Amino acid sequence: MSKYVLLLFALFCAQAQADDEAYQQCLLQYQSQVEIPEAAAFVRNACNHVHRELVMLPRKKAYWQCVLDYVAPVKTREVMADLLQVCRERHDFRK
């Protein structure tokens, strides 16, 4: 029994390390594109949801990926608001 617990613990630790590496890579990729401070918070949150949340609905993951793809490089708050609205409409995970 204890061998199985140790094996599960080792697998969990390996997954957590892989998730952290993917999270850090996400930050490196998308934060470098950020031009307005508000977008940085959305990118951090999206990287966290996409790479650290263990159980996620596909539509929810698609929403956060949409945020990463389109919000990071925006240059104005107005455009950011429009893009967030489009991501919400396209990937409404509350349905």
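The legends below describe several close-up views of a predicted model.

Residues are numbered from 1 along each chain as its sequence is written. In this predicted model, local features need pLDDT of at least 70 and side-chain atom pairs count only at pLDDT 80 or more, while totals for chains, interfaces and linings use all residues, and side-chain values use heavy atoms, with hydrogens and water left out.

**View 1. The overall fold of the protein is built from four helices and zero strands.** From the N terminus on, the elements run α-α-α-α, where helices (H or I, at least four residues) and strands (E, at least two) are DSSP runs numbered from the N terminus. Of the 95 residues, 27% count as buried, a class defined by under 20% relative accessible area, with exposed meaning over 50% and partly exposed lying in between (1.4 Å probe, protein chains only). Among contacts between residues at least 6 apart in sequence, 58% join residues at least 24 apart, a contact being heavy atoms within 4.5 Å.

**View 2. Helix H4, residues 77-90, has a buried side and an exposed side.** The helix has 14 residues and reaches 20 Å from its first C-alpha to its last, close to the 20 Å expected at 1.5 Å a residue, the expected span being 1.5 Å times one less than the number of residues. Its buried residues are Met-80, Leu-84 and Cys-87, and, seen down the axis of H4, they fall within an arc of 60 degrees, so they line one face of the helix; the arc is that of the directions from the helix axis to the C-beta atoms. An α-helix has 3.6 residues a turn, so residues three or four places apart point the same way. The face turned away from this buried side carries the exposed residues Glu-78, Asp-82, Glu-89 and Arg-90, whereas the cover over the buried residues includes helix H2 (37-52) and helix H3 (58-71).

**View 3. Helix H3 holds buried residues and an aromatic pair.** Its buried residues are Lys-60, Tyr-63, Trp-64, Cys-66, Val-67, Leu-68 and Val-71. Rings of Phe, Tyr and Trp (its six-membered ring) pair if their centres lie within 6.5 Å, with planes under 30 degrees apart counted as stacked, over 60 as edge-to-face and the rest as tilted; by this rule the count comes to one aromatic pair. The rings of Tyr-63 and Trp-64 have their centres 4.9 Å apart and their planes at 70 degrees, so the pair is edge-to-face. Tyr-63 is buried at 7% relative accessibility, and Trp-64 is buried at 9%.

View 4. Lys-75 counts as exposed at 57% relative accessibility, whereas Glu-35 is partly exposed at 49%.

**View 5. The charged end of Arg-52 sits over the ring of Tyr-23.** The charged end lies 3.7 Å from the ring centre, and a charge counts as sitting over a ring if NZ of Lys or CZ of Arg is within 6 Å of the ring centre and within 35 degrees of the ring normal.
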